[in-house]
Amino acid sequence: MKIAKGTRTNIQSYKHNEQLHRVWKDTVIVDYQDNYVVTAHQKSRVFEHTGKSWYTKEPAICYFYDDLWYNVIVMFKKTGIYYYCNLSSPYLFDGESIKYIDYDLDVKVFPDGKYVVLDKNEYKYHSKKMDYPAEIKEIVEKELQELIKKIEKKEPPFSHEYVKNDYKKAFKDSINE
């Protein structure tokens with residue numbers, strides 16, 4: 001299967017040790033460009049590596065890049081638009097799923113543009129436990145700084161107007177903020 005608009009696929013998150021971490025089922029490709037893919041899901045089932053599963057609560061748009069070391073999940077909640085950024089390897093698509101390696105650090109951006117870096121202790125722990133190579137740590141930490149600059153400047157996809165356009169493509173209705 002090729003990546004194409006309207007295609008349904010899964011998203012698979014792995015850890016550095018190649019262990020499957022999390023799977024989002026049945027997401028839809030909204031857009032596909034040379035260096036990124038946009039997906040959308042609502043009430044998708046998510047499977048954890050522990051065997052537990054849950055359903056997403058609100059509509060979300062996800063941005064995966066093949067040249068950046070992060071991905072962005074945009075959640076459209078009743079209280080506003082939130083961005084959840086995973087520091088990760090660039091994505092790859094193997095014909096069945098969008099796949100990436102999760103490098104623990106996350107950035108949560110609130111509707112007012114304020115943000116917080118999350119999971120620093122998890123990053124330190126896994127960095128030692130899984131023996132992240134120095135070059136990976138350097139890339140992740142550099143990409144974190146670049147990501148924060150984009151957030152502060154409200155560069156795409158950190159512009160509400162930008163993500164609302166992808167929301168409308170995916171869900172065929174308008175949204176309020």
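D94 and K99 pair up through their side chains in a salt bridge, with N and O 2.5 Å apart. The term here covers a side-chain nitrogen of Lys or Arg within 4 Å of a carboxyl oxygen of Asp or Glu. D94 itself is partly exposed, at 38% relative accessibility (buried is under 20% relative accessible area, exposed is over 50%, and partly exposed lies in between, using a 1.4 Å probe and protein chains only).

Keep in mind that this is a predicted model, where local features need pLDDT of at least 70 and side-chain atom pairs count only at pLDDT 80 or more, while totals for chains, interfaces and linings use all residues. Residues are numbered from 1 along each chain as its sequence is written, and side-chain values use heavy atoms, leaving out hydrogens and water.

The structure holds 11 salt bridges in total. Here are some of them:

| Pair | N to O distance |
|---|---|
| D94 and K99 | 2.5 Å |
| D26 and R8 | 3.3 Å |
| K164 and E161 | 3.6 Å |

Strands are DSSP runs of E with at least two residues, helices are runs of H or I with at least four, and both are numbered from the N terminus. D26 is partly exposed, at 42% relative accessibility.

K164 and E161 both belong to helix α3 (residues 160-171), and they are three residues apart, so about one helical turn separates them. K164 is buried at 11% relative accessibility, whereas E161 is exposed at 52%.

Finally, there's a network: salt bridges link K5, D31, D166 and K169.
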